[in-house]
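Student: Hi! Could you walk me through this one?
Tutor: Happy to, here it comes.

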Amino acid sequence: MKGLGWRPHGSFSKRMKNKNRSALWKPFTQMTDLAREEPLVIARGEGRWLVTDRGRRLYDGVSSLWANVHGHRIREIDQAIRRQLSQIAHTTLLGPTHEPAEVLAQKLVALAPRGLTRVFYSDNGSTAVEVALKMAFQYHRQKPRPEPARTRFLALTQGYDGDTLGAVGVGGIALFHQVYGPLIRRPLRAPAPHAYRCPLRHRHDGQGCWRGCLAVLERIVARHHRKIAAFVFEPLVQGAAGMVMHPPQYLAAAARLCRAHGILLVADEVATGFGRTGTMFACEAAGVAPDFLCLAKGLTGGYLPLAATLTTEPVYRAFLGPYGSFKAFFHGHTYSGNPLACAAALANLDLLLEKRVVEGVARKTPMLARALSSLARHPHVGEIRQKGFMVGIELVADRTSKKPFPLEARTAYRVGLACRARGLLLRPLGDVIVLMPPLTATARELAWMTEVVKEAIDEVTVSRPMREAQVSQADITGGR
Ligand SMILES: *Cc1c(COP(=O)(O)O)cnc(C)c1O
């Protein structure tokens, strides 16, 4: 490399083709496998499409990792960032304040479920959860009648709340989290309702099966409630688990139970927030008003890193006191509430409301369901799970026994490649194909995506014998 000058669209892409020149260690990726592949270089975006350095258009079928809302290069959001850039790119919230952070906080409070009146910024989903965990723990020590024994968290099997150690601590996906076991304190773990693969190994038809899981939760709470600071959950959809879904009735009952026992509710809406499931927040569908609401992915429309942890007046007040009481929340990130990111978030929220995007998701959800139903009888589709624009299609070797494909077959990964060859970019989770299009996706695009997935599954599972047996950690995890 000559000098340090860098321009977009320069000669970088050509050099990239020499894979050995990359200095990157990529997230959730087995780099050994990656080195065998041609790198996919995204040069720019056009609405809901990505354009590669070779000019190929790929539909952004997982919203650039579940974050994008309106598409790429949206005029209003671009302009909002430029306007802010002409003022200042970054200034700290440790001490001073700035208008974008203040206005955004007010708008978030207005949108959020009742009772959430205070906004604490950080810069990603993991830290949004981290903040909630620390606040919940500290609240019980500092509240008017302290309960310092409440030091444990209650979480669900297969949960995913991020990759920092606190979030890993409550996480329940063995493949991502087990290795770090010695570093963290395990939470109390309740089974997440999952009708297709029941965590209690019950044989049932799925109807009302959540009651069995609720009964276990009741037993845990009855026995341990004095030790539990908070219940941490992804409302309605456990995304990284493979789009595992529970009914609102379960969530409502679990929330009532926790409330009755002084256990705070931490709703991780990093993936479900901002209309993804057809309501602004997934909690709303269950009538749950949590004590903490963790937001990130869709907050800036998928533009810039920003996260928010919303909480209540009682929690906020427990941290007030004279300087010497040291009750302050000793936590903050350098870029907490970055002005450019706040400006993007404000423009994103304006667009969401003006264009009635959330109502659009609710309206298009049945169309997507109809399109997906054409896959329901496929011999290698075990279950299709959908909530709004969050879809998981679980592939199985055998429908009757629900037997999975062997890991070495890399089935969903190959389906993903077959989709890519047809112009659709996806990233599966294990053997679950994930569809998470931008919320402005049209009915035609939804139908097209489903058709492409069907062809791709056929190509991989039916017409071609399974070979190229190569275990790849990247495919097992499938990333997020
Ligand atoms: C993605 C995700 C996180 C972590 O967010 P990051 O910004 O990747 O740290 C946490 N919780 C849920 C539910 C998520 O989907």
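Tutor: A quick definition before the charges: Lys and Arg count as positive and Asp and Glu as negative, while His and the chain ends are not counted. The place of a charge is NZ of Lys, CZ of Arg, CG of Asp or CD of Glu.

Student: Good. How many positive and negative side chains does the protein chain have?
Tutor: There are 65 positive and 38 negative ones, and the centres of the two sets lie 2 Å apart.

Student: What should I know about the model itself?
Tutor: The model is predicted: local features need pLDDT of at least 70 and side-chain atom pairs count only at pLDDT 80 or more, whereas totals for chains, interfaces and linings use all residues. Residues are numbered from 1 along each chain as its sequence is written, and side-chain values use heavy atoms, leaving out hydrogens and water.

Student: How many helices and strands are in the protein chain?
Tutor: The protein chain has 17 helices and 16 strands. These are DSSP runs numbered from the N terminus, helices being H or I with at least four residues and strands E with at least two.

Student: And what share of the residues is buried?
Tutor: Buried residues make up 52% of the 480. Buried means under 20% relative accessible area, exposed over 50%, and partly exposed in between (1.4 Å probe, protein chains only).

Student: Which strand does E14 pair with?
Tutor: Strand E14 (residues 390–395) is joined to E16 by four bridges, and the two run antiparallel. Two strands pair if DSSP finds at least two bridges between them.

Student: Which way do the E16 side chains point?
Tutor: Val432 and Val434 point one way from E16 (residues 432–435), Ile433 and Leu435 the other way, and all of these are buried.

Student: Switching topic: is Thr52 buried or exposed?
Tutor: Thr52 is buried, because its relative accessible area is 8%. Thr52 lies in strand E2 (residues 49–52). Leaving aside residues up to four places away in sequence, Thr52 touches Leu40, Val41, Ile42, Ala43 and Leu58, where contact means heavy atoms within 4.5 Å.

Student: What about phi of Ser63?
Tutor: Phi of Ser63 is near 50 degrees, a positive value in a residue other than glycine. Ser63 lies in helix H3 (residues 63–66) and is buried, with a relative accessible area of 0%.

Student: And Leu65, what is its phi?
Tutor: Leu65 has a positive phi of about 65 degrees although it is not a glycine. Leu65 also lies in H3, but Leu65 is partly exposed, with a relative accessible area of 33%.
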